[in-house]
Amino acid sequence: MSPAAVGVGPAESGLRLRRGRGRMKAAGTAVSGPELAAGDGGLCPKLTPQSKPKIPEQVMGWLLLAAVTTLAFATRFHRLHEPAHVCWDETHFGKMGSYYINRTFFFDIHPPLGKMLIGLAGYLSGYDGTFPFQKPGDKYKHHNYIGMRGLCAFLGSWLIPFAYLTVLELSKSRPAALLTAALFTFDTGCLTLSQYILLDPILMFFIMAAMLSMVKYNSCADRPFSVSWWFWLSLTGISLAGALGVKFVGLFIVLHVGLNTVSDLWQLLGDLNLTMVTLGKHLAARILCLIVFPLILYTAIFAVHFLVLNKSGPGDGFFSSAFQSRLLGNNLHNASIPEHLAYGSVITVKNLRMASGYLHSHCHLYPEGVGARQQQVTAYQHKDYNNLWIVKKHDVNTDPLDPSFPVEFVKHGDIIRLEHKETSRNLHSHQHEAPMTRKHYQVTGYGVNGTGDSNDFWRIEVMNRKSENRIKVLRSQIRLIHLATGCVLGSSGKTLPKWGWEQLEVTCTPYLKETPNSVWNVEDHINPKLPNINLDVLKPSFMEILLESHMVMIRIIWWLNLGSIGLYLLLGSLTTVSMQRGIQLTAEVKGLCQVLLRGGGQVLLGWLLHYFPFFMMGRVLYFHHYFPAMLFSSMLTGILWDTILRFFASYLSPFPLANWVHIFGISLLILGIAYSFYLFHPLSYGMIGPLAQDPQSPMAGLKWLETWEF
């Protein structure tokens, strides 16, 4: 074995060489010179002077990368303008891009970076933010939508070169990297997601950027604290902030990098040649680049988000009254309202449970079989006239706003009646079961013109009072205790069926434990007999806004990839057992085993972290939820089949043309993938002719299983 062959072949994949940590066994690392050159793809190549690649090899590497990247961009930008109407979730994310251009506040369960980038792309490309994005199928007409689609196509195109370089780094094999690139390039689903105004290509861009950066800084482990090592480590942190800033799915790549970092530090801890000072530097570097730096960037994303969205919009009702007071155009912004609640006041009552909404009623009744057939009471997350209630004494029906009556303030412990302003029915409860939550009581609107019965009476309690007994608007946290049953008014947060207009359930719970579900505050307050105070003092700080926004937000499978995962688990198990039992293997086979276990294991971990959390979710999932996992299963497929074909070529080495087994096998797989794309490319670029159900349709013959639908 020549010195040039040691430490540079497939076995080096995923191994973290350290200064002073000893030499790897030569038996597991032999490889030919061309194989070494294939691994030269980053800022920190691990080359010995004897194994320096020739310039043509380097040129070949760059040419292949350029070809892969060019094909990626060509497939993603082809017919990007078609169709010229709103498709699928463009109605959501295109609209959110418009909100940024118009600076209108909205609510979404995902962090803001993806929508901010979409809005920025639209703004820079001349889109004025006036298209309504009402429903799929709406024609764009003269509105410029290409810039927003172009951003997604641009970022989606980078998935292919990122995957190519990642697999190249893990396997040191260009054929494995090319096979992976083909899987990404010719996957119709991945292509389609990249051509529309969606968050998925933006999310996947940052996931793959984080994965590539992680394996690159791993490969520089024998040169810690070098410029290239710092570069890739910092870029990993930036990519993590980006992934998490687009969707909380980014937490899975954060976990992946975290597990890799823990393993890395554990190996360093076992290196007795390293001083504790050096270990401290390694730990500090990772804390700085992978925790502190990403958190700063993530926080900065929200700072820009809140700075830009400073106008009142459709998301106001999801947030607290204090939060809303900072939004231009909101009725609480620079508002002046009476400070203390009095009888006769017209108010809105907001639940303190995040995103639970306002106490609401409307003229519709509960359906037959759902408790008493009385007027519905719900929690509604948007501003509405049906959120208005009049505060009255429980035993008096005179008008408290009559000028001849003195002002009487509502106090802690008072028994009150809330009359719905639009329908004149009283807030009411009784021992009928709530529609959604068992063992809770139904809450209804009852009575005629404010006249009901004793089940309309509620005792008001202030939870955060100090000495004063008056009810302060916005600041007092109150509970409403039903006088007849002793239950507490609350919102379960459960969504009602269609008959309840998919608003949130309001119940009266017999469990008196104080929770945000059963605590409310008075927001709007109208009483002409009282003086007003300015609400500027209630505006929250940035950190309070950041915390609240997060509290609100928190509230298919590809056949070849699937088969490859199962095959990988089988071969990985056999390989591990063989090596553990000390079975004699050639140096080349040992090197391939290391690639299979270490490089393949790294991407298998990524697949597990991105697949099983969705697999176990009880919510309705869609095809696009599985695409982050598909990124890793495709990389695993490339590494696995390249390794298998090399195994075959190794065992057939005594025979002529054995070296062609690997080349022919990889070429056949790539051609098969490309042909599959040729067959199904209308799914991405648009179908012509009759509908797929028609036997004359060009898609009819492609329905390989009866369960398929086009």
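H482 is found in strand β10 (residues 478-482), where strands (E, at least two residues) and helices (H or I, at least four) are DSSP runs numbered from the N terminus. The model is a predicted one, so local features need pLDDT of at least 70 and side-chain atom pairs count only at pLDDT 80 or more, while totals for chains, interfaces and linings use all residues. Residues are numbered from 1 along each chain as its sequence is written, and side-chain values use heavy atoms, with hydrogens and water left out.

Setting aside neighbours within four places in sequence, H482 is in contact (heavy atoms within 4.5 Å) with S429, N455, F457, W458, C487 and C508.

T70, in helix α2 (residues 55-77), is another story: at 53% relative accessibility, T70 counts as exposed. A polar atom of its side chain lies 2.7 Å from the backbone oxygen of A66.

Then there are the nonpolar cores, meaning sets of buried Ala, Val, Leu, Ile, Met, Phe, Trp, Tyr and Cys residues joined through side-chain atoms within 4.5 Å. The largest has 89 residues, and I118, F133, Y164, L631 and M635 have the most contacts inside it. Helix α9 (residues 200-219) supplies the largest share of this core, 14 residues. Beyond its neighbours within four places in sequence, I118 touches F93, G97, M148, L151, I197, L198, L199 and I202. Apart from that core lies another, of 31 residues, with I337, Y441, I471 and L474 among them.

Finally, a pair of helices: the axes of α7 (residues 174-185) and α18 (residues 659-680) come within 9 Å and cross at roughly 10°. That makes α7 roughly parallel to α18. In α7, P175, L178, L179, A182 and L183 meet H662, I666, L669, I670 and I673 of α18.

How values were computed. Buried means under 20% relative accessible area, exposed over 50%, partly exposed in between (1.4 Å probe, protein chains only). Axes are lines fitted to C-alpha atoms, for helices over the stretch in contact, and angles run from 0 to 180 degrees between N-to-C directions. Angles under 35 degrees count as roughly parallel, over 145 as roughly antiparallel, 65 to 115 as roughly perpendicular and the rest as oblique. A polar contact is a pair of N or O atoms within 3.5 Å; within protein, one must be able to donate a hydrogen and the other to accept it, and residues adjacent in sequence count only if both atoms are side-chain atoms.
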